[in-house]
Amino acid sequence: MQSEALARSNWLAYKIADMYYVKGIPSKEIAQELGISLSTVSRFVNIAKNEGIVRLTLSEPYRSCIEYSEILKDKYGLRDVVLVPFDGKKDGVNYEMDIRKAVALEGARYLQRVLTENDILGISWGRTMSYVIHCLNPCQKSNLSLVTLHGGLSAISEHFDVKSLVSRIAMAMGGKRYVLEDEAVLKSPQILSGLKVKKENQALSEIYSKITISISGVGTEYPELESPLLLHPSITDADIKELQRAGACGDIALHFFDFEGRECDSSLKQRIFTIDYSKYKAIPCKIVVAAGESKAVTVRALLRGNLADVIVLDKDLAKAVIDII
């Protein structure tokens, strides 16, 4: 009779719901305090949830992050979507830098969560990538291989150059480095042709076919020319105008792409030393980290072109992408 009475006790269901869900008291302590078995506590915990005594919901902005991530994942067949509910002031002096750092931190966490010792990790250049690498946990060592996805961009910034970034990630995580030593943006197609036949560069090209994971940021050329890649001294005003005529929307791993994620056919393409577009697209897990609503059209384009398998974005950027799908 006692067990039957217990089974019908609505008060006990309310009491246990409050202790477990609201106060966060462990099941074992609840059982001891109420003088009941652990299995009875478990049963009432489930009753409280199933019968609506408690309602479990995520508060904002976390609920929107989950909702937006599921929309983007389903729409584009992505492996994963990670969103950051950044709450900084948009009119703040350091907003752009702070939001990039927040997204980079989550990108670093995701990268370290999925990497294995057997992986070959391809790395691109940029400000966001610099923040990602700064956030890596040096205590989590891994015997993976690291490879630059393209040549150097020291003419723009030593700090954000891919060779520097690979060295920093090797210091943080260990691993073997494969570095394309030559400059990325060249003055003529003939120089690029000569570099490609060098023995060491051909060997690196073979490694490109074996990359299992890559991580990169994305530059944007629409609606404004915001990409720092365009600051390279070997990229002329004529080059930029040609890219605009070709419908350039963004750049990834030094490849310019249009609004459908297709590589732009411009003369500049013949002067940039980087992984082939087809080889980049064939990488099994391409992680792209981006921040800022101004990149919405660019992110949509790279998703249309299957240039990412995993995206790490701030919530507002994700919402902006969804609004223009």
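This report describes a sheet and some helices in a predicted model.

## The sheet

The model contains an open sheet of 7 strands, paired in parallel. Read across the sheet, the strand order is β1-β10-β9-β5-β2-β3-β4. Strands β1 (80-84) and β4 (176-178) are at the edges; each has a single partner strand, so one side of each lacks a neighbour in the sheet. From one strand to the next, the twist averages 20 degrees.

Strands of a sheet pair through backbone hydrogen bonds, in either a parallel or an antiparallel way. Ile287 has Val310 in β10 as its bridge partner.

## Helices lying across the sheet

Helix α7 (residues 127-134) lies across β2 (120-123), β5 (213-216) and β9. Its direction makes an angle of about 120 degrees with β5.

Helix α8 (residues 162-173) lies across β2, β3 (145-148) and β4. The angle between α8 and β3 is about 170 degrees.

## Packing of α2 and α3

Two packed helices are described by the angle and the distance between their axes. For helix α2 (residues 10-22) and helix α3 (residues 27-34), the angle is about 140 degrees and the axes are 10 Å apart. That angle makes α2 oblique to α3. The crossing of α2 and α3 is right-handed.

On the α2 side, the contact involves Leu12, Lys15, Ile16, Met19 and Tyr20; on the α3 side, Ser27, Ile30, Glu33 and Leu34. By type, the residues of this contact are 6 nonpolar, 1 polar and 2 charged.

Note on methods. Residues numbered from 1 in each chain as written. Predicted model: local features only at pLDDT ≥ 70, side-chain atom pairs only at ≥ 80, totals over all residues. Heavy atoms only, no water. Pairing = 2+ DSSP bridges. Helix = DSSP H or I, 4+ residues; strand = E, 2+ residues; numbered from the N terminus. Axes fitted to C-alpha atoms, helices over the stretch in contact; angles between N-to-C directions. Contact = heavy atoms within 4.5 Å. Parallel < 35°, antiparallel > 145°, perpendicular 65-115°, else oblique. Left-handed = near helix turned anticlockwise from the far one by under 90°. Nonpolar A, V, L, I, M, F, W, Y, C, P; charged D, E, K, R; others polar.
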